[in-house]
Amino acid sequence: MRRKLLTLASALYCMQGFGEARFPKPDFTSGYQYPEILHSVPMEQLWNVVDIVLLVAMMSVVVWAAYKKRSRAVIYSLSIVSVLYFGFFRSGCVCSVGSIQNVVLAMVDPSYNLPWYVLLIFLLPIIFAILFGRVFCSGVCPLGALQEIVNVKNFRISRAVTAALSVIPWVYLAFTILYAATRSQFLICRFDPFVGIFRLGGDFGMIVFGVALLIMSVFVGRPFCQFLCPYGALLSVFSSLSWKKMEITKQPCISCALCDKACPVDAIRSPQSSKTKESRSKGVRRIILFAVLLPLITVAASLFVGTNSDNLSLANKKVYLYEQIIEKQENPELEETLEVETFNALGGNVEELKAEVEEIRHQYSIYSYIAGALIGFVIGFKLLKLSLKRSRRDYEIDASRCTMCGKCFNYCPQNLKKK
């Protein structure tokens with residue numbers, strides 16, 4: 001019956017074309033012009049354009065609100081817009097955080113066609129960070145905005161613990177690059193804690209994790225942004241080199257410490273006297289020590305991760321399948337897994353699979369060392385940075401950590417006096 005319907009539909013289509021050829025359009029002589037035939041743009045492409053325009057517009061508004069207006073209210077309002085549009089309406093995808101994976105894959109695989117809007121979503125927040133700091137993190141990123149909205153009270157975590165936890169985003173970034181470059185999996189997409197909330201469904205475990213992070217966000221400022229976000233780690237580097245630096249107030253600082261207490265991410269650095277009992281030579285020796293340790297830690301971490309590349313490669317489905325096949329061949333009494341059974345049912349060639357696995361493991365042997373070097377360099381650099389001591393006369397913003405939420409604006413008496 002289905003074949004007859006297909007035949008009938010084909011015949012009607014041919015008859016329609018034949019009829020159009022036999023009966024061409026009438027030739028009007030009264031100056032009539034046929035309307036131009038326009039092809040509609042797919043809706044998804046249109047929404048991608050809207051995403052880019054809104055992304056640039058919202059980051060521009062944040063720059064105005066932070067540098068010119070110094071308004072927390074404007075930035076907070078944008079957080080609500082971001083959560084509603086980029087979060088729930090656009091389902092949190094594609095986001096700048098996840099775009100890291102697409103960009104890495106495009107860099108190692110010439111056959112992968114990187115969509116233009118994904119590239120822009122990746123680059124635009126970085127460009128703004130180079131110019132103005134972590135503008136994207138303020139109220140534009142739906143992940144950070146959602147945490148900002150629910151935040152009520154901030155319990156301070158010691159800076160030693162914060163410094164240790166701040167390595168995690170870089171570890172996350174390193175393995176994201178590793179697994180994307182080897183075409184194994186997209187870690188960020190797989191372990192996104194908020195996408196299940198935005199889509200009102202998904203993996204139960206990740207939804208529970210996302211809800212737990214939100215509950216934590218009520219009492220701790222942006223835990224995901226501080227201790228997990230790999231894109232935030234990238235932006236922290238570019239924002240530390242930003243062209244314009246954020247200031248709490250343009251008025252003289254009165255050292256009231258209210259801004260420091262208000263900051264949810266501990267990005268305010270208190271005044272620090274240059275008068276210290278430590279001799280200059282001792283400080284120089286400490287800096288030299290950590291400078292020497294930096295390459296040693298980098299090499300050690302690179303070797304540690306690189307020598308475990310075979311184990312890491314099991315995250316690739318083909319490698320994991322091959323290992324299951326080999327295990328079954330060596331132990332025939334084992335029950336055949338569903339993956340192996342499917343492979344055999346489809347007539348898979350073990351030798352061809354072995355060749356593919358060898359190539360994948362070769363890639364892992366390269367990228368694992370790079371990922372380890374990145375982790376080691378970050379650890380060594382953070383130790384070196386902690387060893388540096390700089391005098392400060394006023395309360396200052398640490399551009400690498402500041403998410404430009406604007407809370408310090410509202411708490412500064414100098415800003416309130418100006419109003």
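Predicted model: local features only at pLDDT ≥ 70, side-chain atom pairs only at ≥ 80, totals over all residues.
Helices here are DSSP runs of H or I, at least four residues long, and they are numbered from the N terminus. I start there since the element names come up throughout.

I will take two of them.

The largest cavity holds about 160 Å³ of space. It is lined by 14 residues, and those closest to its centre are Phe86, Val94, Cys95, Ser96 and Ile121. Which helix gives the most to this lining? That is α2, residues 43-69, with 3 residues. Sorted by class, the lining of the largest cavity has 10 nonpolar residues, 2 polar and 2 charged.

Next, the second largest cavity, with about 130 Å³ of space. Here 17 residues form the lining, and Cys402, Met404, Cys405, Gly406 and Cys408 are the closest to the centre. Helix α21, residues 407-411, makes the largest share of that lining, again as a count of residues: 3. The classes for the second largest cavity are 14 nonpolar, 2 polar and 1 charged.

Now the pockets. About 1400 Å³ of space lies in the largest one. Its lining has 39 residues, and Arg269, Lys385, Asp398, Ser400 and Arg401 lie nearest the centre. Where does the lining of the largest pocket come from? At least two residues each are supplied by α8 (159-165), α9 (168-181), α13 (223-227), α14 (230-240), α20 (350-387) and the strand β2 (396-397). Of the elements, α20 gives the most, with 7 residues. By class, this pocket is lined by 17 nonpolar, 10 polar and 12 charged residues.

The second largest pocket has about 390 Å³ of space. Of its 24 lining residues, Glu247, Ile248, Tyr395, Glu396 and Ile397 are the closest to the centre. The lining of the second largest pocket divides into 13 nonpolar, 6 polar and 5 charged residues.

The largest pocket has 12 charged residues in its lining, and the largest cavity has 2. That is what I have.

Methods. Residues numbered from 1 in each chain as written. Heavy atoms only, no water. 1 Å grid on protein atoms, 1.4 Å probe; cavity = no way out; pocket = protein on both sides within 12 Å on 5 of 7 lines; lining within 4 Å. Points joined across faces, edges and corners; volume = space filled by probe spheres on them. Nonpolar A, V, L, I, M, F, W, Y, C, P; charged D, E, K, R; others polar.
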